[in-house]
Amino acid sequence: MKNVFYFPGMGNTVDLVMLNKVNTVYPLHTHAEHYTMGIVLDGQITIETNAEQYVCKAESVFTIPIDVPHSIKPIGTCLYTMLSFCIHQDYLV
């Protein structure tokens with residue numbers, strides 16, 4: 001069963017990523033050209049940046065600015081479902 005769905009935008013626009021019932025850990029990384037916006041639909045995750053740590057539960061919306069180091073981890077052993085929009089910096093102007 002596929003749990004990660006990726007829908008690329010045309011050119012430098014918006015990519016859509018759907019993670020469905022996963023417990024995937026994303027270690028510290030950045031998105032050099034994308035502003036990220038997301039919503040947790042089910043479960044709980046922790047988003048950690050150099051400055052802060054956020055707990056996101058179902059219906060929580062989060063944003064991650066361009067080139068900000070961050071990690072994403074499920075809380076405990078729970079599965080989570082998340083929808084993320086990766087907005088290319090050229091599309092923001």
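**Sheets, pockets and cysteines**

Of the residues that line the second largest pocket, four come from E7, the largest share. Residues are counted from 1 along each chain in the written sequence. The model is predicted, with pLDDT of at least 70 required for local features and 80 or more for side-chain atom pairs, while totals for chains, interfaces and linings use all residues, and side-chain values rest on heavy atoms without hydrogens or water.

Q: What makes up the lining of the second largest pocket?
A: A pocket is an open set of points on a 1 Å grid over the protein atoms alone, where a 1.4 Å probe fits, with protein on both sides within 12 Å along at least five of seven lines; a lining residue has an atom within 4 Å of a point. Here the lining includes Ile47, Tyr54, Cys56, Phe62 and Val68. At least two residues come from each of E5, E6 and E7, where a strand is a DSSP run of E with at least two residues, numbered from the N terminus.

Q: How many charged residues does the lining of the second largest pocket have?
A: It has none: the classes are nine nonpolar and two polar. Asp, Glu, Lys and Arg count as charged, Ala, Val, Leu, Ile, Met, Phe, Trp, Tyr, Cys and Pro as nonpolar, and the others, including Gly, as polar.

Q: Which residues lie nearest the centre of the largest pocket?
A: Of its 13 lining residues, these are Tyr26, His29, His31, Ile72 and Ser84. Strands E2 (14-22), E3, E7 (61-64), E8 (70-74) and E9 (80-88) give two or more residues each. E9 has the largest share, three residues. The lining divides into eight nonpolar, five polar and no charged residues.

Q: Why is one side of E1 and of E7 left without a neighbour in the sheet?
A: Five strands form an open antiparallel sheet in the order E1-E2-E9-E4-E7. E1 and E7 are at its edges with a single partner strand each, so one side of each stays without a neighbour. Two strands pair if DSSP finds at least two bridges between them. E2 and E9, which run antiparallel, are joined by seven bridges, and Val22 stands opposite Tyr80 in E9.

Q: Which strands are the edges of the sheet of four strands?
A: That open antiparallel sheet has the order E3-E8-E5-E6. Its edge strands are E3 (26-29) and E6 (53-56), each pairing on one side only. E5 (residues 45-49) pairs with E6 over four bridges, in the antiparallel sense, and Thr46 is opposite Val55 in E6.

Q: Why is Cys86 called buried, and Cys78 partly exposed?
A: Buried means under 20% relative accessible area, exposed over 50%, and partly exposed in between, with a 1.4 Å probe and protein chains only. Cys86 has 11% and therefore counts as buried. Cys78 has 23%, so the label is partly exposed. Val4, at 38%, is also partly exposed.
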